[in-house]
Amino acid sequence: MAYFYNEPSRTFSEYLLLPNLTKKECIPEKVSLRTPVVRYKVGEKSSLEINLPVTSAIMQSVSDATMAIALARCGGLSFIFASQPIDKQVEMVEKVKKYKAGFVISTANLSPEHTLKDLLALKAKTGYSTVPVTEDGSAGGKLLGIVTSRDYRLSRTPLKCRLKEFMTPFDALVYGMEGISLGEANDMIWDHKLNCLPIITKDRRLAYLVFRKDYDDHKENPEMILDQDKRLVVGAGINSRDYAERVPALLEAGADVLCIDSSDGYSEWQGETLRWIKERYQDRVKVGAGNVVDKEGFTYLSDAGADFIKVGIGGGSICITREQKGIGRGQASSLIEVAKARDEYAQKTGIYVPICSDGGIVHDYHMTMALAMGANFVMLGRYFARFDESPSRKLKIGSNFVKEYWGEGSNRARNWERYDYGFDSEQKLEFEEGIDSYVPYAGKLKDNLDISISKMKSTMCNCGATSIDQLHTVAKLTLVSSTSIIEGGAHDVIQKET
């Protein structure tokens, strides 16, 4: 007969954390949220860690290059969505890797014969206001000048005016020679009060640009996640269908970590995908898998070579898998069982495989709850979809601003590659497992994430923990009744309007 769990399927809202002794050293400023992303030998260190335990979901409406840049600057990690042509996903990954390198290869260049109209079109496309003017308009062409917003006035400069007529010419530029150190370049920027310093070769060809904002940016974002070449770290989603073509392309583009995007990760298709990657690249390529909800799913993917495993089915705000198919499990119950399996696996094999809690986050405190239950980091969709940096449209409905947000299981996403049912990807599913919706617009990512992280650190201090590993050990949780849930909010008062 079928196997039955006697314990109900629990969600985060059914638990509360109990306070431990808050020692004097337990203050938010001393809390470290650095956490491992990929597997490592017990007693050693993971080869990829992030400074904030948050990642953005592998979704069209959440994770593009803009989101990846913003989140990596804050200390988290994005996974560029996979439900797009390979070349488009590669382009997004490349954009992230080129954003912060100290020495930046210019990707927005024009020739002196281009017009102001061309310049404005390029600025609208790329967002860049500083444009090198090279002899042939290429990134490595002979540098003839630079155009910034200070070189023209839209009210007075004709759109047909050529760049050579108003650019800052080479003779008036301050520049550095190839081979200069980043420190020396920054000193030149400060000494000459520059916003941008072009770096040229001996034959005057443009090699790099160094920006003042990158120096300031690093000071303002001390948690920024950079690779060994001082580029932002970025992840990318893949599927179990075209991985043989997609994986090499993403690696060539510079993706630091991959993750199989699927509605159900406990499948032979994911096992085959993982084994194919590991056979060809060994440990040089890091790839996560999932999603799973129990010990069996975790063990299967770990044995297949997954470097981290996502936990959760049906808990996302736009996911309707449970009501459509009756498949899934409460996020808290899933996480508690998989975390226990993760620890047992580490004890048995000597390999620690981090787990990511994906779905079920409604309130900020649910993030901390997920970590306390054993997650190493969380993956968020709705949370990030609300911000300026998400790729979806911002609309005004009534008197409120909203952003569009749709699930990868919706008809709008047309992401059939994530469903491992063995049929051709051109076929259409008979029913949806995700919806198309709106979420309240919330402004800039950093402003909101700073508040959420402050809550997380404060809660951890109440629990007597100054690290996520410590939280895993000392956290105490209790089930709550429906009455105590009501008691936990404002009640029996008349709230003032704000």
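## Cys-319 and Lys-325

Cys-319 lies in the loop that runs between strand 16 (308-311) and helix 9; helices (H or I, at least four residues) and strands (E, at least two) are DSSP runs, numbered from the N terminus. The model is predicted, so local features need pLDDT of at least 70 and side-chain atom pairs count only at pLDDT 80 or more, while totals for chains, interfaces and linings use all residues. Residues are numbered from 1 along each chain as its sequence is written, and side-chain values use heavy atoms, with hydrogens and water left out.

Cys-319 has a relative accessible area of 25% and is therefore partly exposed; buried means under 20%, exposed over 50%, and partly exposed in between (1.4 Å probe, protein chains only). Apart from neighbours within four places in sequence, Cys-319 is in contact with Gly-314 and Glu-433, where contact means heavy atoms within 4.5 Å. Tyr-281 is 38 residues from Cys-319 in sequence and 33 Å from it in space, C-alpha to C-alpha.

Helix 9 (residues 321-325) contains Lys-325. This lysine, Lys-325, is partly exposed because its relative accessibility is 33%. Between Lys-325 and Gly-314 the C-alpha to C-alpha distance is 9.8 Å, at a sequence separation of eleven residues.

## Cysteines and disulfides

A disulfide is a covalent bond between the sulfur atoms of two cysteines. Here it is assigned to a pair of cysteine sulfur atoms within 2.5 Å, and the count by this rule is zero. For Cys-461, the closest cysteine sulfur belongs to Cys-26 and is 5.6 Å away, which is too far for a bond.

Cys-461 is buried, at 5% relative accessibility. Cys-161 also counts as buried, at 12%.

## Ser-392

Ser-392 sits in the loop between helix 12 (382-385) and strand 20 (394-397). With 8% relative accessibility, Ser-392 is buried. Not counting residues up to four places away in sequence, Ser-392 touches Ser-61, Ala-385, Lys-403, Glu-404 and Trp-406. The Ser-392 side chain also reaches the backbone oxygen of Glu-404, at 2.7 Å.

## Helix 1 and helix 13

The axes of helix 1 (residues 65-74) and helix 13 (residues 445-462) come within 10 Å and cross at roughly 40°. Axes are lines fitted to C-alpha atoms, for helices over the stretch in contact, and angles run from 0 to 180 degrees between N-to-C directions. Helix 1 is therefore oblique to helix 13; angles under 35 degrees count as roughly parallel, over 145 as roughly antiparallel, 65 to 115 as roughly perpendicular and the rest as oblique.

Met-67, Ala-70, Leu-71 and Cys-74 of helix 1 make the contact with Leu-445, Lys-446 and Leu-449 of helix 13.

Conventions. Polar contact = N/O pair within 3.5 Å; in protein donor to acceptor, adjacent residues only side chain to side chain.
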